[in-house]
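I opened a new notebook page for this protein. My plan is to look up one thing at a time and write down what I find.

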Amino acid sequence: MRLLVAAVGRLKPGPERDLAARYRERAAQVGRGLGFTACDIAEIPESRARRAPDRASEEGAAILAQVATGAVLAVYDERGRSDLTSETIAARIGDWRDAGRAALVLAIGGADGLDPAVRARAELSLSFGAATLPHGLVRVLALEQVYRTLTILAGHPYHRGNLDER
């Protein structure tokens with residue numbers, strides 16, 4: 001299974017970009033032994049349209065162009081679920097991998113959010129909570145969660161989970 005983070009906007013050189021690259025590299029290393037062929041980033045150019053719905057629509061079309069037939073689309077959206085544990089997300093991704101799904105695309109929208117067509121296509125909608133976060137930080141958090149998911153699937157000690165469950 002190929003992992004792809006499709007994010008609107010380009011990270012400028014700096015700490016967010018460095019941290020995102022570090023988590024992507026870690027995920028790629030761990031993922032190879034688990035049947036994940038890649039952990040890539042597709043930076044979607046921000047739309048220059050004047051109206052917010054037009055910007056979201058253009059960016060959404062570019063995101064959907066990254067989703068191959070048979071791929072899973074999961075999105076980070078303010079309306080998404082914030083109640084899923086890392087273990088639950090890892091189990092879902094492991095199930096998709098085991099079912100032979102070719103790719104998992106994690107989409108992060110632009111400043112105007114995700115186009116309704118992208119949200120409608122998504123098989124999973126996640127949120128990091130109700131607060132508005134900068135897109136660069138969301139990208140870092142999403143890549144950290146990819147790495148965490150892979151370490152959970154590998155039985156690696158990086159994720160310690162809920163201590164109350166032990």
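This is a predicted model: local features need pLDDT of at least 70, side-chain atom pairs count only at pLDDT 80 or more; totals for chains, interfaces and linings use all residues.

Entry: I looked up the strand order. Five strands form an open sheet, and the order reads β2-β1-β4-β3-β5. The pairing is parallel. Which strands stand at the edges? I found β2 (38–44) and β5 (124–126) there. Each has a single partner strand, so one side of each lacks a neighbour in the sheet. I also looked up the twist, which averages 25° from one strand to the next.

I reminded myself how such pairs are held. Strands of a sheet pair through backbone hydrogen bonds, in parallel or antiparallel fashion.

Entry: I picked β1 (residues 2–8) and β4 (residues 103–108). How many bridges join β1 to β4? I noted six, and the two strands run parallel. In this pair I looked for what faces Ala6, and found Ala107 of β4 opposite.

**Entry: a helix on the sheet.** Next I looked up α3 (residues 86–98). Helix α3 packs on the sheet and touches β3 (72–81), β4 and β5. The direction of α3 makes about 155° with that of β5.

**Entry: helix α2.** I checked the length of α2 (residues 52–64). Its 13 residues should span 18 Å at 1.5 Å a residue. The end C-alpha atoms are 18 Å apart, which agrees. Which residues of α2 are buried? I listed Ala56, Glu59, Gly60 and Ile63. Seen down the axis of α2, these buried residues fall within an arc of 105°, so they line one face of the helix. An α-helix has 3.6 residues a turn, so residues three or four places apart point the same way. I then looked up the partners: the buried residues of α2 pack against β1, β2, β4 and α4 (116–121).

**Entry: Asp77.** I located Asp77 in strand β3. Is Asp77 buried or exposed? Its relative accessible area is 8%. The cut-off for buried is under 20%, so Asp77 counts as buried. Leaving aside neighbours within four places in sequence, I found Asp77 in contact with Leu114, Arg119, Ser125, Leu126 and Ser127.

**Entry: helix α5.** I finished with α5 (residues 135–154). Helix α5 has 20 residues and reaches 29 Å from its first C-alpha to its last. That is close to the 28 Å expected at 1.5 Å a residue. Helix α5 is mostly covered, with 14 of its 20 residues buried. Just after α5, I noted that Gly155 takes a positive phi of about 75°.

Note on methods
Residues are numbered from 1 along each chain as its sequence is written. Side-chain values use heavy atoms; hydrogens and water are left out. Two strands pair if DSSP finds at least two bridges between them. Helices (H or I, at least four residues) and strands (E, at least two) are DSSP runs, numbered from the N terminus. Axes are lines fitted to C-alpha atoms, for helices over the stretch in contact, and angles run from 0 to 180 degrees between N-to-C directions. Contact means heavy atoms within 4.5 Å. The expected span of a helix is 1.5 Å times one less than its number of residues. Buried means under 20% relative accessible area, exposed over 50%, partly exposed in between (1.4 Å probe, protein chains only). The arc is that of the directions from the helix axis to the C-beta atoms.
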